[in-house]
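Subject: Handover of a protein structure

Dear colleague,

Please find the structure below, handed over to you for study. I would ask you to keep it open while you read the notes that come after it.

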Amino acid sequence: MRRLIWIMPGLLLGLIFFLPLSWVAPLALPASLVQDDTVYRGTVWNGNMTSLRDVDSVEYKLNPLGLLAGGTPVQASVVATGLQAEGAIGQYAAQDLNFRIDVSSLPMPDPRLQGLAGQIMVQFDEIKWDKQGKCEILSGSARTDVLTRNRALFSWEGPGLTGPLNCDAEGNFVFNLSGEDELQSITAKVSISWSGQYYSDMKVISRDNEAAQVLPLFGFEQRGQTAQGAEFRLVEQGKWR
């Protein structure tokens, strides 16, 4: 009996630390994510899943001590059609979180944007949000080459855009992008809330005659003339989810 008392804690610890992911994941994951051919490998602490719905693979490593301390206890990577993401995440924070998105894989309700090429790359150095999903801390950068890669589609070519990320006073996640080339300069501010709202404000100042022909077709309004060229503005707001 005394030997059993000594053995039982070890058995329980072994069960906890080597608990197969295949035992837990089918019960814990939403049914909408799981398919008949979904595969689970490893343990609940260090495992991977493949053939989830809309997701090719998920790999992760969970730090048990990190669960107690908070912060970012999960190191994970996700691969889906047109998307790669990896970084350290927690319930209310993430660090060194990187996204690479192929825009050709995104749904394009506007038929004029069918066939759009390019990538969007976002690096979150540090991000924290509260229980309501409002942004508290955000640092990092974003960049995209979409405007440089779609001359055939737009009959116009713009510069690459890059810029920093930050939180605003209302707790929104803000992307501030800009870029310029020999003929034009562009600034774009995109504000996103966790509740599903977005606001974008994009300004183009261009000496390119093609811009004057193309930009109004995509909703830009010409706001006059500056010393650097014609000014166009597009302001939109709505729901992103």
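The notes below describe the chain as a whole, then its disulfide, and then one leucine.

This is a predicted model, in which local features need pLDDT of at least 70 and side-chain atom pairs count only at pLDDT 80 or more, while totals for chains, interfaces and linings use all residues. Residues are numbered from 1 along each chain as its sequence is written, and side-chain values use heavy atoms, with hydrogens and water left out.

The whole chain

The protein chain contains 5 helices and 14 strands; these are DSSP runs, numbered from the N terminus, with helices (H or I) of at least four residues and strands (E) of at least two. Along the principal axes, its C-alpha atoms fill a box of roughly 90 × 40 × 30 Å. The radius of gyration of the protein chain is 23 Å, whereas a compact globule of 241 residues would have one near 18 Å. This radius is taken over C-alpha atoms, and the globule rule is 2.2 Å times the number of residues to the power 0.38.

Of the 241 residues, 34% are buried. Buried means under 20% relative accessible area, exposed means over 50%, and partly exposed lies in between (1.4 Å probe, protein chains only). Among contacts with a separation of 6 or more, 36% are between residues 24 or more positions apart; a contact means heavy atoms within 4.5 Å.

The disulfide

How many disulfides does a search of the whole structure find? The search finds 1, a disulfide being a pair of cysteine sulfur atoms within 2.5 Å. Cys-135 and Cys-167 form this link, with their sulfur atoms 1.9 Å apart. The pair links distant parts of the chain, 32 residues apart: Cys-135 lies in strand E8 (residues 135-144) and Cys-167 in strand E9 (residues 161-167). The link is left-handed, with -55° about the S-S bond. Cys-135 is buried, because its relative accessible area is 7%.

Leu-153

Leu-153 belongs to helix H4 (residues 151-154). Is Leu-153 buried or partly exposed? Leu-153 is partly exposed, because its relative accessible area is 31%. Not counting residues up to four places away in sequence, Leu-153 touches Arg-112, Leu-113, Gln-114, Gly-115 and Leu-116. Leu-153 and Gly-229 are 76 residues apart in sequence, and their C-alpha atoms are 23 Å apart in space.

Yours sincerely,
A colleague
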